[in-house]
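I opened the model to look up an annotated site and the surroundings of the ligands. My entries follow.

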Amino acid sequence: MFDKTTWIRLPRNVVVGHGVLPQTTEAIAELHLAGDPLVVTSPTAREVAGERVVDDFVANGMEPATVVVEQASFEAVERVIETARAEEAGFLVGVGGGKPIDIAKMASDSLDMGFVSVPTAASHDGIVSGRGSVPEGDSRHSVAAEPPLAVVADTEIIADAPWELTTAGCADIISNYTAVRDWQLAHRLQNVEYSEYAGALSQMTAEMLVDNADSIKQGLEESAWVVVKALVSSGVAMSIAGSSRPASGAEHLFSHQLDRIAPGTALHGHQVGVGSILTEYLHSGEAGRWTNIRDALAGLGAPTTAAELGIDDAAIIEALTSAHEIRDRYTILGNGMNESAARELATATGVIDRA
Ligand SMILES: NC(=O)C1=CN([C@@H]2O[C@H](COP(=O)(O)OP(=O)(O)OC[C@H]3O[C@@H](n4cnc5c(N)ncnc54)[C@H](OP(=O)(O)O)[C@@H]3O)[C@@H](O)[C@H]2O)C=CC1
Ligand SMILES: O=C(CO)COP(=O)(O)O
Ligand SMILES: [Zn+2]
């Protein structure tokens, strides 16, 4: 008997462009959500966009409440849940980078309420995906959460955000190359379910970003447009797959370990970019593919070495040798690297200097 089911949850309205922030109310009105919004934002994001979103809600006859979060924590998710209940909110709107968006997304999941994403930075594909990531104990990777019903990305605001957030978003997309390679490997070796559609979309998204690298430059608003569209596409690939597999392989495991070993030192996207150089080398050896990844990252101004990440060599080796333990996800790391192999890999790729 045929017994397969596919359930793909995608945003209904995706609005990307110059000065589109005031269209948030219109994008939401089309969703026919009942009740008033609870806006979840963070300090800077509130200044650059959150207050304007709240004012627009008020101007449209709504009575929004606001929660400002400073840390990505389960305590913050709980505070949002309690406020949503106390204010009898009808839906949640996350305004900011990955932190307030993930918190709103995870709270929405618990509350079984609609969620809208208003990114103020193009820092990683979590701003458009149905995956939420809040650190808890040793766990750093994403879990299934409420996908956004709408995404409103104002490129004027995003282009004004610190440039490194945009290069981090680019590197998160470039890491799709190795994520898909790991997924295909896991399919071949472990019969892990593989989606041709999700894999192809994720890989094509990375290729298109690299092909359009010339239009990704600091001070050019078009950069925000190109990167946000790539992040949307990567988020859709994850929705099709029903997991983060199309956008997260061993390079992400490496980054999650760095988050544990050297918390708050480098941005997620920058870490996974360096991780991609390393894991592509493991996939293809001297053949040149890993140098293409390194050169694409360098061309965009994203880090390609431990020193550029601000992370010491010992942390890189520890992350490489322990990354396979993070979750049950088969990758090129297999059962793990030993220390001398990890050191050889990191020096061969120039991620750390030969001692
Ligand atoms: N769901 C997923 O799949 C993934 C989720 N994550 C999660 O996302 C978070 C990291 O994402 P990131 O976006 O870096 O986090 P933040 O939301 O913390 O944003 C990064 C910084 O940029 C600032 N900022 C945001 N927008 C602007 C702007 N327009 N102008 C000036 N400054 C701005 C923020 O300031 P302020 O805080 O003051 O507003 C903050 O200091 C982590 O919690 C991580 O776990 C990471 C990867 C994947
Ligand atoms: O960052 C992500 C995809 O780019 C999410 O991946 P994880 O599931 O590994 O957290
Ligand atoms: Zn990522």
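**Notebook: annotated site and ligand shells**

I began with His268, which sits in helix H11 (residues 268–284). I am working from a predicted model.

I then checked burial. His268 has 24 other C-beta atoms within 10 Å, so I put it down as buried; the cut-off for that is 20 or more. Leaving aside neighbours within four places in sequence, I found His268 in contact with His124, Ala168, Asp172 and Ser255.

I looked up the record next. UniProt, in an unreviewed entry, lists Asp172, His252 and His268 under "binding site". These residues are spread over 97 residues of sequence, yet they cluster in space, with a largest C-alpha distance of 9.1 Å.

I went on to His252. I located His252 in helix H10 (residues 250–261). His252 counts as buried because it has 30 C-beta neighbours inside 10 Å. Not counting residues up to four places away in sequence, His252 touches Ser175, Ala179, Val272 and Gly275.

**Ligand 2**

Which residues surround ligand 2? I listed His124, Asp125, Gly126, Arg131, Ser133, His141, Ser142, Asp172, Ser244, Ala247, Ser248 and His252. By class, I counted 8 polar, 3 charged and 1 nonpolar residue around ligand 2. Domain 1 (13–161) and domain 2 (164–348) each give at least three residues to the shell around ligand 2.

**Glu308**

My last entry is on Glu308. I found Glu308 in helix H13 (residues 306–309). Is Glu308 buried or partly exposed? With 17 other C-beta atoms within 10 Å, Glu308 is partly exposed, because the count falls between the limits of 12 or fewer for exposed and 20 or more for buried. I also took the C-alpha distance from Glu308 to Leu278, which is 15 Å, with the two 30 residues apart in sequence.

How values were computed. Residues are numbered from 1 along each chain as its sequence is written. Chains are lettered from A and ligands numbered from 1 in the order in which they are written. This is a predicted model: local features need pLDDT of at least 70, side-chain atom pairs count only at pLDDT 80 or more; totals for chains, interfaces and linings use all residues. UniProt positions are given in the numbering used here, feature names are shortened, and annotations may be inferred rather than shown by experiment. Helices (H or I, at least four residues) and strands (E, at least two) are DSSP runs, numbered from the N terminus. Two residues are in contact if their C-beta atoms, placed from the backbone, lie within 7 Å. A residue is near a molecule or strand if its C-beta atom, placed from the backbone, lies within 6 Å of it. Ala, Val, Leu, Ile, Met, Phe, Trp, Tyr, Cys and Pro count as nonpolar, Asp, Glu, Lys and Arg as charged, and the others, Gly among them, as polar. Domain bounds come from an automatic or database domain assignment.
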